[in-house]
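Student: I have a sequence and a model open side by side. Can you walk me through the fold by question and answer?

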Amino acid sequence: MLLKEAVGFLNCRPGGRYVDATVGGGGYAEAILEASAPDGLLLGLDWDQSAVDRVRSRLAAYGSRALIVWASFDGLADVLQWHGWSAVDGIVADLGVSSDQLDDPQRGLSFLQEGPLDMRMNPAEGITAAHLVNTMPEEELANLIWTLGEERYARCVAAAICLRRRIRPFETTTDLAQVVAAAVPKSADTRRLHSATRTFLALRLAVNRELEVLERFLGSALQFLKPGGRFVVVSFHSLEDRMVKRSFQEWAKSCRCPRDVPVCRCEGRPLVKLLTRKPIRPQADEVAGNPRARSARLRAVEKLT
C-alpha cells in the first residue's frame, strides 16, 4: 500500500542502509533495494516465519544486500545490535496485514473464508482469538471490542458471543462472523464495512498485542536514524494512526519538557521535521485496484540531529 509514496519519502540512495520493519510480502523491501542500487543494504524484519521464508526467496537475487530476519519490529534494537548496524538512513513500517496472511484461511484473519479462529501473526506463540471469545468475561469482551475495534454495538456483540458459547464454543472464523453480524443492527451496516470487521480487528489487535508492540517500536526506532534519515509509517486504522501522529508531533516540538518543568531542559530543539502535515492517502486508482488500500494513511518525518 502506498509503495511509491513510502519509498519516495525514504529518499533512498546508493550505499544507504534501510530497515523494512514489517517486511510482509516484500514489496517495500524490493523497491528499496532497487532505489538504493547498486550497493544499498536492506534489513527486513517480520514476526511471521512463513513471510520471512517467502521474502528470502523473493529477494535471493539481491544476495548479501538483503538481510531478512525473523523478529518482531519492537525488537529492532536487538536485531540492529546483533547484526552490527549502529545507525540507518531510513526506516519504514507498514502496519497492515499482508495479503498472503489475509488470504490464508488457516491464519483465521479473515471472515470471508472459513478457517480456525487463530489470528496469531506468529503461530508459534501466544493465545488465539478462539481462546479470547470462548473464555473472556462478557464485560471484558465488550470493552475490548469497543476500545480496540471502536464498535459502537460492542455490548450487543459481546452478549451474543457469550450466549452462543454456552451452547458450543467458537472454532471457526465464519461461525463467529455470523453471530457478530446477527448482533449488529441492520441499520448500522454500510456498503464499505462488513458487520464483523471491527470485532475481528479488535480480536486481532488483542491477540497480537499490536498497539503495545507499536508503542515500543515508536519509543526506540528514532534513536537509530542518522541525521537526515527518514522514518515512514503506513497505518490502517485510527488507533495506530493516532499513536504515530502523537509521536511524530511530540518529536517535532521545539520543547518536549513536561509542563510542570519551569525551565526548558531539552535544549529547545525539535528532533524531527514533519514531512507530512496531514496523512497521505492512496490515490483512487490504487484503491480501485486494491480495495484494502482505502484505509491506509502514511506519515513521515526526517531526523534533524
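**Strands, helices and contacts**

Tutor: Leucine 274 lies in strand S6. Bear in mind that this is a predicted model.

Student: Which residues is leucine 274 in contact with, leaving aside its neighbours within four places in sequence?

Tutor: Take contact as heavy atoms within 4.5 Å. With neighbours within four places in sequence set aside, the contacts of leucine 274 are Phe248, Gln249, Ala252, Ala300 and Val301.

Student: How far from leucine 274 is the C-alpha atom of alanine 71?

Tutor: Along the chain, leucine 274 and alanine 71 are 203 residues apart.

Student: In what sense do S5 and S7 pair, parallel or antiparallel?

Tutor: Strands of a sheet pair through backbone hydrogen bonds, in one of two senses. S5 covers residues 225-235 and S7 covers residues 297-303. Over 6 bridges, their pairing is antiparallel.

Student: Which residue in S7 is the bridge partner of serine 235?

Tutor: The partner has to be found in S7. For serine 235, the bridge partner is arginine 297.

Student: Are H11 and H12 roughly parallel or roughly antiparallel to each other?

Tutor: Two packed helices are described by the angle between their axes and the distance between the axes. For H11 and H12, the axes are 11 Å apart and the angle is about 15 degrees. Angles under 35 degrees count as roughly parallel. H11 and H12 are therefore roughly parallel.

Student: How many charged residues are in the contact of H11 with H12?

Tutor: H11 brings Glu210, Leu211, Leu214, Glu215 and Leu218, and H12 brings Leu239, Glu240, Met243, Val244, Ser247 and Trp251. By class, this contact has 7 nonpolar residues and 1 polar. The charged residues number 3.

Student: Why does the aromatic pair of phenylalanine 217 and phenylalanine 231 tie together parts that are apart in sequence?

Tutor: The rings are edge-to-face, 5.6 Å centre to centre, with 80 degrees between the planes. Phenylalanine 217 lies in helix H11 (residues 210-220) and phenylalanine 231 in strand S5, so the parts tied together are 14 residues apart in sequence.

Student: How do H9 and H10 lie to each other?

Tutor: The axes of H9 (residues 173-183) and H10 (residues 197-208) come within 9 Å and cross at roughly 130 degrees. The crossing is right-handed. Thr173, Leu176, Ala177 and Val180 of H9 meet Thr199, Phe200 and Leu203 of H10. H9 and H10 are therefore oblique.

Student: What is the handedness of the crossing of H7 and H8?

Tutor: H7 (residues 138-149) and H8 (residues 154-165) pack at about 135 degrees, with axes 8 Å apart. H7 and H8 are therefore oblique to each other. Where H7 passes H8, the crossing is right-handed.

Student: Which peptide bond is cis?

Tutor: Most peptide bonds are trans. Proline 38 lies in the loop between helix H2 (27-35) and strand S2 (41-46). With omega near 10 degrees, the cis bond runs from alanine 37 to proline 38.

Student: What is phi of methionine 119?

Tutor: Methionine 119 sits in the loop between helix H5 (99-102) and helix H6 (129-135). Its phi is positive, in a residue other than glycine. The value is near 80 degrees.

How values were computed: Residues are numbered from 1 along each chain as its sequence is written. This is a predicted model: local features need pLDDT of at least 70, side-chain atom pairs count only at pLDDT 80 or more; totals for chains, interfaces and linings use all residues. Side-chain values use heavy atoms; hydrogens and water are left out. Axes are lines fitted to C-alpha atoms, for helices over the stretch in contact, and angles run from 0 to 180 degrees between N-to-C directions. Helices (H or I, at least four residues) and strands (E, at least two) are DSSP runs, numbered from the N terminus. Angles under 35 degrees count as roughly parallel, over 145 as roughly antiparallel, 65 to 115 as roughly perpendicular and the rest as oblique. A crossing is left-handed if the near helix is turned anticlockwise from the far one by less than a right angle, and right-handed if clockwise. Two strands pair if DSSP finds at least two bridges between them. Rings of Phe, Tyr and Trp (its six-membered ring) pair if their centres lie within 6.5 Å; planes under 30 degrees apart count as stacked, over 60 as edge-to-face and the rest as tilted. Ala, Val, Leu, Ile, Met, Phe, Trp, Tyr, Cys and Pro count as nonpolar, Asp, Glu, Lys and Arg as charged, and the others, Gly among them, as polar.
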